Amino acid sequence: MKIDFKIEHIDPIGQGVFKEEAAVTFIKKTLPGEVGVADVFSKKKGVQFAVLTEVTAPSADRKTPDCPHYAQCNGCDYQHTTYEKEVEFKKNALKRHMFKFPEIDVTFHKAKRRLGYRNRIQLHYDKKKRVLGLMNYKNEIVPVPDCKIIDPSVAYELRAIYTNNAWLRLVEKEPAKGHLELYSKDNNLGGHNVKVSVNRPYANGGFTQVNSEMNEKLRHWVEKKAAELIPHKAVVYDLFGGNGNLSVKFRNPTLVVDKYRTTPQPSGHQKFYSLDLYDPNAIKKLIALKAEGYPRPNWLIIDPPRSGLKNLNEFLNEFKPDGFIFIACEATSFTRDTLGILNNYELKSVEIFDLFPSTQHFETIGIFTRRPNNA
Ligand SMILES: C[S@@+](CC[C@H](N)C(=O)[O-])C[C@H]1O[C@@H](n2cnc3c(N)ncnc32)[C@H](O)[C@@H]1O
């Protein structure tokens, strides 16, 4: 069904929002004030999603995307405007989304590079259709041989596996449909050590941040904040800590907890513990560690996957940390998980780290400290 739209604003996941009395429609790759035509592909109780077909009155902020696949591919969301505008839309979307929180300024940490930063890409394949690429909104595979957000070494390998459908050889003995992942072992730091894995779990070998340059910036920022806020001898639990990335530069004794025990970086102050933090008994298991000589935490670093940590309040009620740093990959899980704890914890600052420029994603980081009445 075709509809005429006029966009009001951009939401936290990069979609243009068009409001009418009967329905709210979300349309990607549009800009505030733009008028045009879109095709509705999903509709449920006054909420619908549409794909852009024509912009009849473009915004002055619209520009030609750098990537030739942008119109078809679902991987990027902001290449139709400048990076300055992307930054503004992301910041405004978060502020609008946090309307129930105390008025607090949001500090935005921009990326130096908007393109050529990702050190990995995961592609879907279908052998029968001889197609390899990223999914579009209809779950069809769109070939992306010239993807512009991956780093040059991954881009080089990507073009090589597309040339004469070379990828078909890689999946010869594999199921008819599946996925490939190309990843730079040098973490986009200028090397050419790109590996391809076929039908292995995503981030095979353990989670690492896809944007090494911005990850470095984030790590330094967390280190600086920890030095300012966390007393020297305080114990830190780095929950959803992966390989200890965020707490690696701390001086505090730190327990890194993650379900998928990865290769820890050698670092004297960190200990590693493998635990499913979504397990209903996770808190009990953490408490039991005391008997094994792990002191209870005074501060928490919490960096969950997109699904967030719905029972954050249970962790806080049990450990009563003096404070915690919450790092959310989704603004929606940030507000959902932390809104209910504001009686006991004060939100001191909110930052955005743009680890995923050109796309809808960004990291939202809140620092919370315990209120004096929450003994
Ligand atoms: C956003 S990453 C953050 C990792 C780490 N803080 C970093 O900066 O590299 C989320 C982490 O959660 C871990 N994870 C996913 N599900 C989990 C679970 N159920 N219990 C514990 N950890 C989990 C993943 O292995 C991953 O390391």
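Colleague: Where in the chain does Cys 329 lie?

Modeller: One places a residue by the elements that flank it. In this predicted model, Cys 329 sits in the loop that runs from strand S17 (323–328) to helix H7 (331–338). An unreviewed UniProt entry gives Cys 329 the annotation "active site".

Colleague: Is Cys 329 buried, exposed or partly exposed?

Modeller: The reading rests on a count of neighbours: 20 or more other C-beta atoms within 10 Å make a residue buried, and 12 or fewer make it exposed. Cys 329 has 18 C-beta neighbours inside 10 Å and therefore counts as partly exposed.

Colleague: With which residues is Cys 329 in contact, leaving aside its neighbours within four places in sequence?

Modeller: With that exclusion, the contacts of Cys 329 are Pro 305, Arg 306, His 361 and Glu 363.

Colleague: Which residues does UniProt place under the feature "binding site"?

Modeller: The record, again an unreviewed entry, lists Gln 209, Phe 240 and Asp 303.

Colleague: Where is Gln 209 found, and what surrounds it?

Modeller: Gln 209 belongs to the loop between strand S12 (194–198) and helix H4 (212–229). It has 21 C-beta neighbours inside 10 Å, so Gln 209 counts as buried. Beyond its neighbours within four places in sequence, Gln 209 is in contact with Asn 215, Asn 245 and Leu 355.

Colleague: And in which loop does Phe 240 lie?

Modeller: Phe 240 is in the loop that links strand S13 (236–239) to strand S14 (254–258). Phe 240 counts as buried because 20 C-beta neighbours lie inside 10 Å. When residues up to four places away in sequence are not counted, Phe 240 touches Asp 258, Leu 277, Ile 302, Asp 303, Pro 304 and Pro 305.

Colleague: How should I read a sheet?

Modeller: Strands of a sheet pair through backbone hydrogen bonds, either parallel or antiparallel.

Colleague: How many bridges join strand S8 to strand S9?

Modeller: Three bridges connect strand S8 (residues 120–126) with strand S9 (residues 131–135), and the two run antiparallel. Within this pairing, His 124 has Gly 133 in S9 as its bridge partner. The loop between S8 and S9 holds Arg 130. Arg 130 has a positive phi of about 50°, although it is not a glycine. Arg 130 is exposed because it has 11 other C-beta atoms within 10 Å.

Colleague: Which loop holds Lys 29?

Modeller: Lys 29 is in the loop between strand S4 (24–28) and strand S5 (35–44). Its phi is near 65°, a positive value in a residue other than glycine. Lys 29 is buried because 23 other C-beta atoms lie within 10 Å.

Colleague: Into which domains is the protein divided?

Modeller: The division gives domain 1 (2–97), domain 2 (120–198) and domain 3 (212–370). To relate two domains, one asks for the separation of their centres and for their contacts. The centres of domain 1 and domain 3, taken over C-alpha atoms, are 33 Å apart. In contact are 14 residues of domain 1 and 10 residues of domain 3. The side of domain 1 that touches domain 3 has six nonpolar, four polar and four charged residues.

Colleague: What scores does the model have?

Modeller: The ipTM is 0.99 and the pTM is 0.93. The average pLDDT of the protein is 93, and 94% of the residues score at least 70.

Terms used
Residues numbered from 1 in each chain as written. Predicted model: local features only at pLDDT ≥ 70, side-chain atom pairs only at ≥ 80, totals over all residues. UniProt positions renumbered as here; feature names shortened; annotations may be inferred. Helix = DSSP H or I, 4+ residues; strand = E, 2+ residues; numbered from the N terminus. Contact = placed C-beta atoms within 7 Å. Domains from an automatic or database assignment. Nonpolar A, V, L, I, M, F, W, Y, C, P; charged D, E, K, R; others polar. pLDDT = per-residue confidence, 0-100. Pairing = 2+ DSSP bridges.
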